[in-house]
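Let's take a friendly walk through this model, from its overall layout to a few of its contacts. Please keep the structure open beside the text.

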Amino acid sequence: MRNRSIVAALGPALLLAACASETPAPVSAPPPIGPALSVHQHGRLLGLAAPDLGELFGAPSLQVREGPGLKLQYRGGGCVLDAYLYTPPSGQGLARVTHVDTRLPSGADTDQGGCEAAIEGSR
């Protein structure tokens, strides 16, 4: 009998608690698929082909095939810029820049815009 009393006394409170709603957490958009842009990327180089990079920076210091991609490395003005180029998903057309990393010779990250300007200025 005692259990029924407890249930009878707590029943309305439990019912109200079950109906209470919390404000749902805001839903954030899912992260983009593919290479993500770093906080250092300004997007200026994204979508460019190797000849476009050559016009900006001259001949690359290093050119490496990495699987289906191509890494072009440029050095100058105290920084290193790695541009990663991939052909479009269709397999047609020129490989284009999809990701860029910039760093100091020590390996520490650096601002992409400043690094681009330094390399262009060192030509």
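## A link between two cysteines

A disulfide, as counted here, is a pair of cysteine sulfur atoms within 2.5 Å. This is a predicted model, and it holds 1 disulfide. Cys79 and Cys115 are the partners, with their sulfur atoms 2.1 Å apart. The link is right-handed, with 95 degrees about the S-S bond. It ties together distant parts of the chain, since Cys79 sits in strand E3 and Cys115 in helix H3, 36 residues apart.

Are these two cysteines buried or exposed? Cys79 has a relative accessible area of 6% and Cys115 one of 2%. Buried means under 20%, so Cys79 is buried, and so is Cys115.

## Overall layout and confidence

The chain forms 3 helices and 4 strands. Of the 123 residues, 24% count as buried. Among contacts with a separation of 6 or more, 47% are between residues 24 or more positions apart.

Where pLDDT is low, the predicted coordinates should not be read in detail.

## The nonpolar core

Next, look at the largest nonpolar core, which has 15 residues. Which of them touch the most other members? They are Leu45, Leu53, Phe57 and Leu81. At least two residues of this core come from each of helix H2 (50-57), strand E2 (69-76), strand E3 (79-86), strand E4 (96-103) and helix H3 (112-121). E3 supplies the largest share, with 4 residues.

Setting aside its neighbours within four places in sequence, Phe57 is in contact with Leu45, Tyr74, Leu81, Glu116, Ile119, Glu120 and Arg123. Leu45 and Leu81, two of these partners, are also among the core residues that touch the most other members.

## Helix H3 and its buried face

Which residues of H3 are buried? They are Gln112, Cys115, Glu116 and Ile119. Viewed down the axis of H3, the buried residues fall within an arc of 100 degrees, so they line one face of the helix. As background, an α-helix has 3.6 residues a turn, so residues three or four places apart point the same way. The cover over the buried residues of H3 includes H2, E2, E3 and E4.

The N-terminal end of H3 is capped by Asp111, which has a side-chain oxygen 3.2 Å from the backbone nitrogen of Gly113.

Finally, turn to Asp82, which lies in strand E3. Its relative accessible area is 2%, so Asp82 is buried. What does its side chain pair with? A polar contact of 2.5 Å joins the side chains of Asp82 and Arg103.

Beyond neighbours within four places in sequence, the residues in contact with Asp82 are Lys71, Leu72, Gln73, His99, Val100, Asp101 and Arg103.

Technical notes. Residues numbered from 1 in each chain as written. Predicted model: local features only at pLDDT ≥ 70, side-chain atom pairs only at ≥ 80, totals over all residues. Heavy atoms only, no water. Core = buried A, V, L, I, M, F, W, Y, C linked by side-chain atoms within 4.5 Å. Buried < 20%, exposed > 50% of the residue type's maximum accessible area, 1.4 Å probe, protein only. Contact = heavy atoms within 4.5 Å. Arc of directions from axis to C-beta. Polar contact = N/O pair within 3.5 Å; in protein donor to acceptor, adjacent residues only side chain to side chain.
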